[in-house]
Amino acid sequence: MAGPLMRLVITECDHDSFAAEHEVADPAGAELVLTQSRSAEELVANAAGADAILVQYATITAEIMDALPSLRAIGRYGVGVDSVDVEAATARGIAVCNVPDYGTESVSDHAVAMTLAAARGIPRLDRGVRAGSFDLAVVRPVYQTRDRVFGIIGMGLIGTATARKAAGLGYEVIGYDIAAEPGAATFHGFPSVTLDELLERSQVVSLHTPLTDETRGMIGAAELARMRTDAIVVNTSRGGVIDTDALVEALATGSIRAAAIDVHESEPIAADHPLTTFDSVVLTPHLAWYTEESYDELKRRTVENVVEVCAGRAPRDIVNPEVLGTPGRNAGCAPVAALTGA
């Protein structure tokens with residue numbers, strides 16, 4: 001009996017079902033193996049002989065890649081690939097795949113929901129009602145959305161979707177994106193401003209940027225000091241784009257009004273973290289991406305990408321397409337240009 005056409009190893013994952021992955025892998029003749037690796041050593045041992053690995057949280061280094069000589073593809077459950085050494089993968093001809101647009105509607109929904117929860121003090125009011133209080137004073141002042149300025153840092157797919165929804169609520173939306181042409185009046189359909197202007201004008205500052213060397217800590221003490229005292233900081237992107245210590249200080253001194261944070265520099269956030277002590281802070285456990293629709297799409301497309309690479313075809317989503325059809329582990333794979341006709 002012939003063996004599987006490809007071996008796919010899930011390095012670690014906290015999902016409650018893998019039926020969606022099997023619905024893609026099984027018809028392709030792939031062996032799908034779920035492991036829960038707790039260290040680099042365990043990951044290497046569990047992924048021995050893998051053609052591809054599927055990664056949720058694990059850090060994938062050059063050393064891990066060298067220890068897995070048959071590895072041709074790394075699939076990341078998510079948008080960001082900051083946990084994968086993409087440069088090392090490219091040097092070895094290993095395809096790095098993500099799912100860049102699966103959570104656009106879900107994350108933008110959550111960003112707007114967190115904004116309104118923080119702006120209207122809903123969690124604080126809820127806790128008060130449960131304790132027998134009908135006191136409005138604890139959340140005053142409360143403002144309507146119309147004529148308030150909603151600033152978006154990172155006008156990609158999720159940022160633009162958030163902008164559209166915020167505008168629908170009556171906010172005046174402005175955006176900053178490093179890719180916008182200097183001096184351009186608009187970017188992706190919304191007014192484009194400098195970062196300084198956005199920080200100075202916005203009552204809501206919502207972050208939608210990937211974590212890179214350039215964006216790490218981009219909102220620090222100096223940036224927080226430029227914000228309005230009635231500003232609300234919302235982060236559904238990556239915890240590392242905000243200097244958390246600086247954020248805590250800004251909240252403690254009242255230099256900003258509130259924060260709504262779904263992503264954290266260290267996850268899970270500790271129960272005694274300083275952010276948990278502020279009634280003006282809304283916290284969620286890195287779940288902005290989650291809806292039933294996005295969950296299923298994420299799982300299927302993560303597997304589809306690596307199956308395509310291992311079958312010698314260009315995947316829908318790849319971070320380093322230059323590895324396809326060039327010397328390296330995917331020399332026999334069709335290049336992305338074959339799909340586009342370029």
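With which side chain does the side chain of Thr 284 make a polar contact? The points below come to that after a look at the whole chain.

1. A word on the model before we start. This is a predicted model, in which local features need pLDDT of at least 70 and side-chain atom pairs count only at pLDDT 80 or more, while totals for chains, interfaces and linings use all residues. Residues are numbered from 1 along each chain as its sequence is written, and side-chain values use heavy atoms, with hydrogens and water left out.

2. The overall fold. The protein chain has twelve helices and 13 strands; these are DSSP runs numbered from the N terminus, with helices being H or I of at least four residues and strands E of at least two. Its radius of gyration is 22 Å, close to the 20 Å that the globule rule gives for 342 residues, so the chain is as compact as a globular protein of that length. The radius is taken over C-alpha atoms, and the rule is 2.2 Å times the number of residues to the power 0.38.

3. Burial. Of the 342 residues in the protein chain, 51% are buried. Here buried means under 20% relative accessible area, exposed over 50%, and partly exposed in between (1.4 Å probe, protein chains only).

4. Now to Thr 284, which sits in the loop between β13 (281–283) and α11 (292–310). Thr 284 counts as buried, at 17% relative accessibility. Its side chain makes a polar contact with the side chain of Asp 262, at 2.6 Å. A polar contact is a pair of N or O atoms within 3.5 Å; within protein, one must be able to donate a hydrogen and the other to accept it, and residues adjacent in sequence count only if both atoms are side-chain atoms. Not counting residues up to four places away in sequence, Thr 284 touches His 110, Met 114, Ile 261, Asp 262 and His 264, where contact means heavy atoms within 4.5 Å.

5. Another threonine to look at is Thr 104, in helix α5 (residues 104–119). Thr 104 is buried too, at 13% relative accessibility. Its side chain reaches the backbone oxygen of Asp 101 at 3.2 Å. Leaving out residues up to four places away in sequence, Thr 104 touches Leu 157, Ile 158 and Ala 161.

6. Finally, Ala 28 lies in the loop between α1 (19–25) and β2 (30–34). With a relative accessible area of 22%, Ala 28 is partly exposed. Beyond its neighbours within four places in sequence, Ala 28 is in contact with Leu 5, Met 6 and Val 307.
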